[in-house]
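Hi everyone, thanks for coming. I'll walk you through one chain today, so please have a look at it on the screen first.

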Amino acid sequence: MKKSITLAKHAGFCYGVKRAVETTKKIKAENPIRPICVLGELIHNSDVINELSDLGIKTVYDVPTCFSNDECGVCVIRSHGLAQSEIDRIAEKGYEVVDLTCIDVKKVQQKAMELAKDGSLVIIVGKSEHPEVMAISANARMFSDDVYVVSDVDEITDELSSKIRMAKCVGVVSQTTQQIENLQKIVAALTALTKELKVYNTICASTSKRQNEARELAKNSDLMVVVGSKKSANTTHLAEILKNITQTIHIENEQELDSYAKIVSKAVSIGVTAGASTPQNVIDSVLKKLEIQQNHNL
Ligand code: SF4
């Protein structure tokens with residue numbers, strides 16, 4: 001039987017990540033002397049973070065204080081976004097803020113703020129510790145305390161259920177990289193608790209396309225390989241989805257393939273996809289190694 005390796009069309013950098021990486025490098029190229037920092041890792045990939053560092057772009061985890069005679073420089077806000085209060089704090093310190101929050105994340109922030117302003121109890125479907133969700137929640141909380149993050153149906157506790165029952169209206173938005181099935185499950189549970197429910201499916205177009213295409217590819221593959229950081233929400237979700245369809249391995253780089261050499265050599269049709277923060281060179285080296293392993297009789 002002829003062996004094959006198929007790469008999904010929507011694998012690797014999404015438009016939000018691409019814009020963040022390219023714009024940050026461009027800022028440095030145009031301002032070689034000015035200090036440039038990014039608050040938090042620009043993307044979940046250590047090679048890219050090291051490349052930025054070599055270019056003189058610092059990754060910081062809290063904003064350093066600028067002293068009166070110093071030039072603070074530029075502080076870049078990554079595609080995940082940041083709470084408005086934090087952006088204001090950075091600007092007040094004297095930094096020029098370049099906000100590279102993805103346009104799709106901005107839309108979720110906007111929708112959550114509108115719902116909170118209108119007096120709805122707001123449910124954000126996502127992971128509470130994820131920076132994108134933290135920023136959406138913080139911005140909505142500027143208008144109401146009734147803002148809750150739910151990642152799973154089990155997180156709708158008795159206490160939250162009674163608040164939902166008492167609310168005039170409940171509004172739902174979703175982290176951009178959620179799985180549609182999880183959003184649907186949570187919406188079904190909320191429907192049973194409230195009379196007025198407004199649901200905004202804010203999963204971004206890039207995530208939907210990537211997940212749908214990977215599902216189709218998995219149906220015709222006896223092995224799926226997901227490439228990308230294990231810290232990345234969208235990459236981890238991809239692997240979770242595909243595990244329910246076919247045998248799936250999640251690796252960060254080609255070196256990790258060494259532990260799966262036997263599985264790869266036995267696979268006839270291999271599908272490959274990658275998360276939104278996986279650079280093309282990482283995907284290319286995985287494809288190269290897969291080809292060698294698949295054709296090697298172990
Ligand atoms: S995954 Fe979607 S929301 Fe997030 S940066 Fe990419 S395009 Fe934007």
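Let me start with a question: leaving aside its neighbours within four places in sequence, which residues is A214 in contact with? Keep that in mind while I cover the ground rules.

This is a predicted model, so local features need pLDDT of at least 70 and side-chain atom pairs count only at pLDDT 80 or more, while totals for chains, interfaces and linings use all residues. Residues are numbered from 1 along each chain as its sequence is written, and side-chain values use heavy atoms, with hydrogens and water left out.

Now the answer: A214 is in contact with M224, L238, L242 and T273, where contact means heavy atoms within 4.5 Å. A214 belongs to helix 8; helices (H or I, at least four residues) and strands (E, at least two) are DSSP runs, numbered from the N terminus. With a relative accessible area of 0%, A214 is buried. For the cut-offs, buried is under 20% relative accessible area, exposed is over 50%, and partly exposed is in between, using a 1.4 Å probe and protein chains only. As for T273, 59 residues separate it from A214 along the chain, yet their C-alpha atoms are separated by 6.6 Å.

Staying in helix 8, we also find Q211. That one is buried too, at 5% relative accessible area. Not counting residues up to four places away in sequence, Q211 touches T177, Q178, Q179, I180, H237, L238 and I241.

Several of those names take us to helix 9, residues 233–243, where eight of the eleven residues are buried. The buried set is A233, N234, T235, H237, L238, A239, I241 and L242. Their cover includes helix 8, strand 10 (223–227), strand 11 (248–251) and strand 12 (269–274).

Where does the ligand sit? In the largest cavity. On a 1 Å grid over the protein atoms alone, a cavity is a set of points where a 1.4 Å probe fits but cannot get out, and a molecule sits in one if more than half of its atoms lie within 2 Å of its grid points. Helix 1 (15–30), helix 4 (103–117) and helix 8 (205–219) are the elements that give two or more residues to the shell around the ligand. Residues surrounding the ligand include Y15, D104, T176 and S206, each with a heavy atom within 4 Å of it. By type, the shell divides into five nonpolar, five polar and one charged. Here Ala, Val, Leu, Ile, Met, Phe, Trp, Tyr, Cys and Pro count as nonpolar, Asp, Glu, Lys and Arg as charged, and the others, Gly among them, as polar.

Next, helix 5, residues 131–140: seven of its ten residues are buried, so it is largely enclosed by the rest of the structure. Among them are E132, V133 and N139. The buried residues of helix 5 pack against helix 3 (84–93), helix 4, strand 6 (121–125) and strand 7 (147–150).

G171 counts as buried, at 0% relative accessibility. Beyond its neighbours within four places in sequence, G171 is in contact with L115, S120, L121, V122, I123 and K198.

Technical notes
On a 1 Å grid over the protein atoms alone, a cavity is a set of points where a 1.4 Å probe fits but cannot get out, and a pocket is an open set with protein on both sides within 12 Å along at least five of seven lines; lining residues have an atom within 4 Å of a point.
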